[in-house]
Amino acid sequence: MCGIVGYIGERECTPILIEGLRRLEYRGYDSAGIAVLESAAGESSLLTRVVRCRGKLANLEALLTEARPTGRVGMGHTRWATHGRPSDENAHPHKHGSVSVVHNGIIENYLALRAELAGRGHRFSSETDTEIVAHLIDEELKAQPQVGLREATRRALGKVQGAYAIVVLSDRTPDVLVTAKNASPLVLGLGEGENFVASDVPAILPHTKRVMFLEEGEIAELRRDGIQVIDLAGRPVRREPRLIEWSAVMAEKAGFKHFMLKEIHEQGRAVTDTLRGRVSIEQADALLDGIELDPQTLKKLTLIACGTSYHAGLVGKFLIEQIARVPVEVDLASEYRYRDPIIGPGDTLLAISQSGETADTLAAVKEAKAKGAQVLCIANVVDSSIPRACHHALYTHAGPEIGVASTKAFTTQLAALVLIAIHLGRRSGTLSSNAAAELIREFMALPQKMADIIGLAPQIQVIARRYGHARDFLFLGRGTQYPIALEGALKLKEISYIHAEGYAAGEMKHGPIALIDAEMPVVVVVPKGPGYEKVMSNLTEVKAREGKIIAVATRGDQDIGAIADEVILIPEAPAPLAPLLTVVPLQLLAYHIADFKGTDIDQPRNLAKSVTVE
Ligand code: F6R
């Protein structure tokens, strides 16, 4: 999510760090900073100088024109906020004692660690989880300076749970840069008399093409003349460097042809990050970052959003009503704000927005707040306008979404809504502890199943070529799959410019059936579960009119092959979780049709990523 770059060598490092960060800035960030080991005037020892600030890299560069640190060891960071709003204090690097840290990821047990450290007299200067890591490493290094920075880092990380890619430097150990990885990407670049570390290849590509990727739970010590890798147990690891053949543009997309495809692939990781630290099988519960929803006082929940986020809201209605038996109303933000909505004190509105900047959603939030309602949101961009306008925010932690067509933002919004449904269901007594524990177990298994579906891309690509010339598509689904049909149609139309409509399968005979003929592909989302038989009988009506059926169905379904022309078989999941899986083949279908047609997939015509006007 964040951008990281580190350097150790013989060259002046500030320009290398800034240039590296600039190469990562395409992802959009909210603050930036660098730490450089420099020799203080009149001193022989080196001291770390940290320069950091809120805002784009240009703000940091402006600061650096006044006082540019000089030194040959340093690291830089561009932040995508997760814990703590974007601010100067929360910008990385975080320094405590002699130790400075930059971090990408989420430290799950940071509240517990923070409390422990506070008990030992530590005081904190930011709201971040990262600062905890600087305190832990500094403690280790102070206790036993002779062990060195790598060992101090290893010992400190033994206490940390969560996802991280970190780079650490200390003015006590000026000849090394230490870096570690667990579930967040990190690449080491090997140069002549110099070495690099970065969260993403583009940051180091101008300097070297010889790289090593760290694996989970590995720590590397970078010196000018070499790199040593160990695991968390302290055992040495042998890793052969490899040559990267990517161009700079390919590297930004991590080798994927488009950001959209990269983001489709990232969904398993993104959903894991949404769940991280928020679900517990033992407690059979979901925690919502301090948001307490009480079903006894919650008469009704109003969900508002636009576009893809609105589709997430439609799925949310099913989930919350089914699991927690709390009535849910869903509305398009653009409609809601103009219909003088009936909402006031005692009511709760939940806005859903990836960007947190959508003008209609923001206006609806303000309207409900002005009328005295409690306003909450599910958002991806921390401290964007909508979370700021709300009383509480539940962040999805999907990371920056660059492709205009929303993919990983959608699945993580669905994950956040499942969390809310479990939270409410446990408190309303409608979800037993056994049922909750089972649902959470299945929830945690989803990322693997998503990866499995992404493996179906070659089959979906063949289908895309076969039907990519069609002028119109119909998408059908029932229950939770109805909004998925809407989302499949939206994805297809926005990136391929093919006209597509999503319909509730039961509504087909009330109108759209008139469109069906041998030229009309009908994409049906029909996993095993509630409504399956009903949708199957809708399909016989399509077949009778010679429509071409492309079905997304559950593996092991014996009947679907007899009626559908194309069948995409996906793993089974409990009904509330199935939308997180069924949407993935539809995203891939839209992507491959658009790719086949050669459209501008990441920036489709007439669309913008963040709709800040009405
Ligand atoms: C579709 C898409 C849009 C957004 C909509 C709301 O792929 O991206 O429909 O979902 O503009 O945006 P957010 O979620 O940022 O409020």
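Trainee: How far is the sulfur of C2 from the closest cysteine sulfur?

Mentor: The distance is 15 Å, to the sulfur of C53, which is too far for a bond. This is a predicted model, in which local features need pLDDT of at least 70 and side-chain atom pairs pLDDT 80 or more, while totals for chains, interfaces and linings use all residues. Residues are numbered from 1 along each chain as its sequence is written, and side-chain values use heavy atoms, without hydrogens and water.

Trainee: And what about C377, which cysteine sulfur is closest there?

Mentor: That of C390, at 3.9 Å, again too far for a bond. A disulfide requires a pair of cysteine sulfur atoms within 2.5 Å, and a search of the whole structure finds zero.

Trainee: Is C377 buried or exposed?

Mentor: C377 is buried, with a relative accessible area of 1%; buried means under 20% by a 1.4 Å probe, counting protein chains only. C2 is buried as well, at 5%.

Trainee: Turning to the ligand, how many residues surround it?

Mentor: There are 14, each with a heavy atom within 4 Å of the ligand. By class, four are nonpolar, eight polar and two charged.

Trainee: Which helix gives the most to that shell?

Mentor: α9, with three residues; helices here are DSSP runs (H or I) of at least four residues.

Trainee: Which side chains have an N or O atom by a ligand oxygen?

Mentor: Among them are S309, at 2.6 Å, and E494, at 2.5 Å. The ligand alone exposes 410 Å², of which the protein buries 89%, by the Shrake-Rupley method with a 1.4 Å probe.

Terms used
Polar contact = N/O pair within 3.5 Å; in protein donor to acceptor, adjacent residues only side chain to side chain. Helix = DSSP H or I, 4+ residues; strand = E, 2+ residues; numbered from the N terminus. Nonpolar A, V, L, I, M, F, W, Y, C, P; charged D, E, K, R; others polar. Buried < 20%, exposed > 50% of the residue type's maximum accessible area, 1.4 Å probe, protein only.
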